[in-house]
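Subject: Structure for you to look at

Hello,

Here is the structure I said I would pass on. Please open it first, then read the notes below.

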Amino acid sequence: MGKIKTIEYFRVLPRWLFVKITDEHDNYGWGEATLEGHSQAVEGCLDAMIQRFVGYEAEDFVGALE
């Protein structure tokens with residue numbers, strides 16, 4: 001795995017928010033960041049986190065959250 005290149009999120013109506021993390025080798029994974037009825041709040045948090053975590057080693061990403 002390489003360093004995180006991009007973190008994107010996608011709002012899917014009526015209530016889901018999906019997150020795609022891509023590394024520098026174009027490997028990617030998907031996750032869900034849904035908080036029922038508060039998508040905009042979660043998007044704001046993701047915007048702040050994206051700037052912080054781009055460039056981290058993808059393998060070490062979970063440790064960065066602790």
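**Salt bridges and charges**

Aspartate 26 counts as partly exposed because its relative accessibility is 47%; buried means under 20% relative accessible area, exposed over 50%, and partly exposed in between (1.4 Å probe, protein chains only). The model is predicted, with local features needing pLDDT of at least 70 and side-chain atom pairs counting only at pLDDT 80 or more, while totals for chains, interfaces and linings use all residues. Residues are numbered from 1 along each chain as its sequence is written, and side-chain values use heavy atoms, leaving out hydrogens and water.

There are two salt bridges in the structure (a side-chain nitrogen of Lys or Arg within 4 Å of a carboxyl oxygen of Asp or Glu). One joins aspartate 26 to lysine 5, with 2.6 Å between the closest N and O atoms. This pair links distant parts of the chain, 21 residues apart: aspartate 26 is in the loop between strand S2 (16–23) and strand S3 (28–32), and lysine 5 is in strand S1 (residues 4–12). Helices (H or I, at least four residues) and strands (E, at least two) are DSSP runs, numbered from the N terminus. Lysine 5 is partly exposed, at 41%.

In the other salt bridge, glutamate 43 meets arginine 11 at 2.8 Å, N to O. Glutamate 43 lies in helix H1 and arginine 11 in strand S1, 32 residues apart. Glutamate 43 is buried, at 12% relative accessibility, whereas arginine 11 is partly exposed, at 43%.

Serine 39 is also in helix H1. Serine 39 is buried because its relative accessible area is 15%.

Regards
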